[in-house]
Amino acid sequence: MITQITLHELKLLVRSPFAWLAAGLLQLIFGWLFLSAVERYIQQQAMSVVPAGGLSNHLIVNFLAPVSIVFIVATPLLCMHLIAGDKQANRFNFLLSLPVTASQLVLGKFLGAMVFQCVVLAIGAVLLTILSFSTKLDTAHLLTAATGLVLFISTGSALTLFYSSLSNRSVLAAFLSFATLVMLWMAAATSANGLLQFLSPSAHLHSFMQGLLDTRDIAYFLALTSILLTLGIWRLDAQRTRSRSV
Amino acid sequence: MQGVGWTESSSDWIAPPANTRSARAPRTAALMAQDISVIYGVQKALDGITFTLYQGDTLGLLGLNGAGKSTLLKVLSGAMAPARGTVQIGEHELYENTVAPRMKIGYAPDKPAVYPEFKVNEFLHFIARMRRIDRRAIKNSVDQVIERCALGDVRNRIIGNLSTGFQQRVNIAQALIHSPKVLILDEPSNGLDPVQLMEIRELVATLASDQATVFSSHLLSEVNSICNQVILIDKGRQILDAPLKLLSDERNNSYALRLLDDANFNLQDLPGVTHACKTKAGHWLVTGNALAPDHLQAMLKSRDLQATQITASENYLESLFKQLATTAQTNSSHLTKDATR
């Protein structure tokens, strides 16, 4: 059942002009970031300055790390409709009347959005593959950074899905998710210690970008994503199982 | 309004047909709603709705706009748990089991719950999978429902490009695809032109024999032409639950009564009265087989009740519905006056 809902969400995204526009814009941004990073590396080499960590590290700092910031905007926009869209189109009650559990609905929708974003990310990664034909890249380092990015996107998607389950307006869900992610990113960027720093997905992405697979960071992303998805499931179940008062 | 009427013995799972009340062939209850109440904030949207529906019955849910019809249908379809009460679908309690009872329900909301970017065929295939139809039987089920709902000419067209009438047909088709035991249709004739209206009514009438159907409408004529049982809801309260045959019997006479001091009396108890409803303080509508004004007056006198006015009514259900509309109109004009002051 989860697979059916995932495929359905993917089909909905593929048929949405907005998703195509977003995917196209993301590819443009990826291309621009990639070319800027490569150009800067060539300029530095021409000046006989070899960046520490070589080309792979340079690409991670100047291409993959900014991509994570791009997804702070893109993920809320691509996931905002997941549940709120059904509410706006008067399909939500109908979905609840189907013989499908809330967890199947939430997981199916989440995976659909994740697959779409991963495909967009993978298309962007083609640029790195093309580059790897002409020069040697640290594949393990790049794959670790990409894994971190996927985990980062999954947390952002789960957060947007949760807000989407709370709201009747897709735009409100996107705005709340964007605001939360920006706030947490700023907490990481200002290197302030404390709860916000600990909660910030951007802070936990750092080790992945350095090529480290830290189990604490992996556990953080998996735990936060699971918690947010569980909250979304509870929200949906609430309407089906307890007294409704608005 | 206070409802006094015929009610099915709610604890019985096997009971005679709703329209005949005879004990010829016992039928199994397909849907049993007991004491359904829904509260929005401090306002009661539904208050103690109780009824039983049997296989082959078509229940017309009548009420003015905002009476609580759609809320009740959401509760019956499994989309919204009531604050109080139970909904039994076959042997399952709807809100204690997520999957099994919902597999027996087909629900078509008032606004078609369709994905406008999908083709009709594709959408129905998706719904068939969601309704847990066996993979090998999906194509057959989709073909059957497309034929049943006369969607053959548009099966490969995008839903968003179809007329309202066809979208409503797709809406009904998705509810029928798994041959549900209980079919719930929320105002299926909403927004249709007269020709489409007739087509949808015919479609609903042909579906009625196979399952228990709950059909909401604010049009009395629609309920009269399709249903065999009727429930009238006003401000969330059930004021009538009766077989339509009982109400529209040609031998029935209906009267509007004005009584002095009727506070503790129920006219339903009068001999010969099939159904009685108190529309407001001192105002009653009664119907009964071969009921005559003199006889009614005499019965009232024998119970120390005094009727100041007895007026014959054409049709009990129609009169009751008109009374509801008039009361609602009076209330709304009072509200408007208060607001403009």
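1. Basis. This is a predicted model, in which local features need pLDDT of at least 70 and side-chain atom pairs count only at pLDDT 80 or more, while totals for chains, interfaces and linings use all residues. Residues are numbered from 1 along each chain as its sequence is written, chains are lettered from A in the order in which they are written, and side-chain values use heavy atoms, with hydrogens and water left out.

2. Extent of the interface. Chain A puts 28 residues in contact with 34 residues of chain B (contact means heavy atoms within 4.5 Å). About 3000 Å² is buried between the two chains, and carbon and sulfur atoms give 60% of that. Buried area here is the accessible area (1.4 Å probe) that two parts lose on being put together, summed over both.

3. The rule finds one salt bridge between chain A and chain B (a side-chain nitrogen of Lys or Arg within 4 Å of a carboxyl oxygen of Asp or Glu). A salt bridge joins the side chains of A:Arg15 and B:Glu122, at 2.5 Å from N to O.

4. The chain A side. Helices H1 (2-14), H5 (92-96) and H11 (215-241) of chain A are the elements that give two or more residues to the side touching chain B. H1(A) gives the most, with five residues. Helices are DSSP runs (H or I, at least four residues), numbered from the N terminus.

5. A:Tyr163. This residue is in helix H7 (residues 139-166) of chain A. A:Tyr163 counts as buried because its relative accessibility is 16% (buried means under 20% relative accessible area, exposed over 50%, partly exposed in between; 1.4 Å probe, protein chains only). Leaving out residues up to four places away in sequence, A:Tyr163 touches A:Ala173, A:Leu176, A:Ser177 and A:Thr180.

6. Helix H3 of chain B. In this helix (residues 138-148), B:Ile138, B:Ser141, B:Val142, B:Val145 and B:Ile146 are buried. Seen down the axis, the buried residues of H3(B) fall within an arc of 130 degrees, so they line one face of the helix. The arc is that of the directions from the helix axis to the C-beta atoms. On the other side of H3(B), B:Lys139 and B:Glu147 are exposed.

7. Helix H2 (120-130) and helix H4 (164-176) of chain B are among what covers the buried residues of H3(B). Just after H3(B), B:Ala150 has a positive phi of about 50 degrees.
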